[in-house]
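Hi,

Here is the structure I promised to pass on.

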Amino acid sequence: MRKYWMFAKSSMQISAAYSAWYWASMATVILKLLIMFYFWHAVYQNQSSIGQLTLKEMLTYIIVAMFVQGFVSGAGNELAREIKQGQIAVELMRPYHYLFKMIFMDFGQKASFFIRETIPMGLIAFFVIQINPPGSPLQLIFFLASAALGLWIGTFFDMLIGILAFWTVNIWGVQVLKEGVITFFSGALIPITLFPAWLQSISFALPSQAMVFSPVAIYTGQITGMDIYWTIAVQAIWAAALYILLNVLWNQAIKKVTIFGG
Amino acid sequence: MKRYAKLYYLFAKNHIKVMLEYRIDFLIGMVSVALQQAAGVFFLAVVFGHIQELNGWSFYELLFIYGIAASGRAIHHIFFDNLWTLGWQYIKPGQLDRLLIRPINPFFHVCADRLQQDGFGQLLIGWIILGTAIPHLHLSWGLFEFMMLIVLVISSGVIFVAINLFFASLSFWMTDSMPVLWAVFNLSDFAKYPLTIYHKGLQFFLTWIIPYGFTAFLPAAWFLDREGYASVAIKAPVTAAAAMTVAYLFWLLGLKNYSSTGS
């Protein structure tokens, strides 16, 4: 286990080294907050509520969703890159489980992302835009648990896409595709409950809603009572299912390496 | 000029040969970029399922803005996408030196090195969005309007290129300006919505400092509200030309300042 923590730590150090990227993403997040702020103010210009949500509740949902979305993907890109460049062949001979190494490297990056971006942005969100805090401490705990599950689902899903690099070269296209689908169907842009009914049923059948919508709806109180347990159970099932699928696909993919590498 | 046209043709032909080797990837790339656009349109459709208008602009008017942005961006994406890689593919590994000793304009060379096929998907989607929006807008279309649409979309594309060229040129001083380029490019997200929803200072910034306003909203507003935005028709191409000149001069300045990384 210790070696995996070392991976996490080293990737934290690496991501801390690129300060230009830090400032660039900071600037970009502020821009996003600004766009959201003005866009939703314009949306609410002629009405006080949309789908039972007030402007403040909507901004709370959108901004918390933006924070959660920042954590749901990552490991897949690096995985795809190493597959494409052939480093994977060497990696497979090393004394650790490659997929776990990638996951821990990714968590290291996410930890530094949290400290360097989520916290300062959270301060802006709470004190400048004044979004709502969670309703109760218990709600906060459920939110964190659900967000953690969402992060696992997102990570597994991302790696599933990354492994596709064994079969297709232009993984960039697949990644854009994945981002688009996740951004929309995870409820990161707008609460899924505002979708037309048919789109809602599609969304709830996909794992993406368990990445962002589930935790954020618990935070904002759109999911309450027994439904919270139900939601978390569904998330756990998705996480387990994707994990199994990931392993199956990985074992298939590794065979392919042996064939090529001879 | 003729020589450059011929060169571009040769570069593109080679690129297309490579592309055809990976037909599936080509299709995936096209479809993905198209779907990415569709996600934005879906989002607007959902929002407009609950409201009538956004700050006085209707759903189809917003689609129209989207369509112009997508078409303009596609021009930049297809032909000038390689500017993104100036820092890490040319300057950092010393590849630029190789281009500098050739008897070809280095700006042309960098751009011609890659034709980004995914951009065709974006262009197609841009046209589909425009084609969907236009019949709902009750505009009268004559030859003049049609020509204006082409001029404004090209201006939009040129402004995208100019802004990217300017910030990519920073790589001459900081080795790789990709983070800056990326942060600035994200500003174009503002232009997807009517500028009227933003604070006055922000509107000014997006019109005259980093002119993304001219890539989508202002050209669209020329069609939708000619009373208020009549002067855009001439301002947009002029701004595009001015922005491109400034960016190209900045690129030349960078090139003059450039000393190889030596690797």
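One definition before the notes: a crossing of two helices is called right-handed if the near helix is turned clockwise from the far one by less than a right angle, and left-handed if the turn is anticlockwise. Also keep in mind that this is a predicted model.

**Helix pairs in chain A**

With that in hand, start with helix 2 (residues 19-43) and helix 3 (residues 55-69) of chain A. Their axes come within 11 Å and cross at roughly 155 degrees. Angles over 145 degrees count as roughly antiparallel, so helix 2 of chain A is roughly antiparallel to helix 3 of chain A. The crossing of helix 2 of chain A and helix 3 of chain A is right-handed. From helix 2 of chain A, the contact draws on V29(A), K32(A), L33(A), M36(A), F37(A), W40(A) and H41(A), and helix 3 of chain A supplies L55(A), M58(A), L59(A), I62(A), I63(A) and M66(A). Sorted by class, the contact of helix 2 of chain A with helix 3 of chain A has 11 nonpolar residues, 1 polar and 1 charged.

Next come helix 6 (residues 98-128) and helix 7 (residues 137-163) of chain A, whose axes come within 12 Å and cross at roughly 125 degrees. That angle is why helix 6 of chain A is oblique to helix 7 of chain A. The crossing of helix 6 of chain A and helix 7 of chain A is right-handed. On the helix 6 side of chain A you'll find L99(A), M102(A), I103(A), D106(A), F107(A) and K110(A), which meet L151(A), W152(A), T155(A), F156(A) and M159(A) in helix 7 of chain A. The tally for this contact of helix 6 with helix 7 of chain A is 8 nonpolar, 1 polar and 2 charged residues.

Helix 7 of chain A also pairs with helix 10 (residues 213-220) of chain A: the axes come within 8 Å and cross at roughly 175 degrees. That makes the two, helix 7 and helix 10 of chain A, roughly antiparallel. Q139(A), F142(A), F143(A), S146(A) and A147(A) of helix 7 of chain A make the contact with S214(A), P215(A), V216(A), I218(A), Y219(A) and T220(A) of helix 10 of chain A. Here the contact of helix 7 with helix 10 of chain A holds 7 nonpolar and 4 polar residues, with no charged ones.

**Where the chains meet**

How many residues of chain A are in contact with chain B? There are 34 of them, in contact with 35 residues of chain B. Between chain A and chain B about 3200 Å² is buried, and carbon and sulfur atoms give 79% of that area. In chain A, the residues that lose the most area to chain B are I35(A), Y38(A) and F39(A), together 19% of what that side buries.

Leaving out residues up to four places away in sequence, M178(B) touches W21(A), W84(B) and W88(B).

**Annotated spans**

For chain A, the unreviewed UniProt entry gives "transmembrane region" at several spans, including residues 111-129 and 228-250. In the model, residues 111-129 of chain A are 95% helix and 0% strand, with the end C-alpha atoms 24 Å apart. Residues 228-250 of chain A are 100% helix and 0% strand, and their end C-alpha atoms lie 33 Å apart.

For chain B, the unreviewed UniProt entry lists residues 205-224 and 236-254 among its "transmembrane region" spans. Residues 205-224 of chain B are 65% helix and 0% strand, with 22 Å between the end C-alpha atoms. For residues 236-254 of chain B the figures are 100% helix, 0% strand and 27 Å.

Cheers

Methods. Residues numbered from 1 in each chain as written. Chains lettered and ligands numbered in written order. Predicted model: local features only at pLDDT ≥ 70, side-chain atom pairs only at ≥ 80, totals over all residues. Heavy atoms only, no water. UniProt positions renumbered as here; feature names shortened; annotations may be inferred. Helix = DSSP H or I, 4+ residues; strand = E, 2+ residues; numbered from the N terminus. Axes fitted to C-alpha atoms, helices over the stretch in contact; angles between N-to-C directions. Parallel < 35°, antiparallel > 145°, perpendicular 65-115°, else oblique. Contact = heavy atoms within 4.5 Å. Nonpolar A, V, L, I, M, F, W, Y, C, P; charged D, E, K, R; others polar. Buried area = accessible area lost by both parts, 1.4 Å probe.
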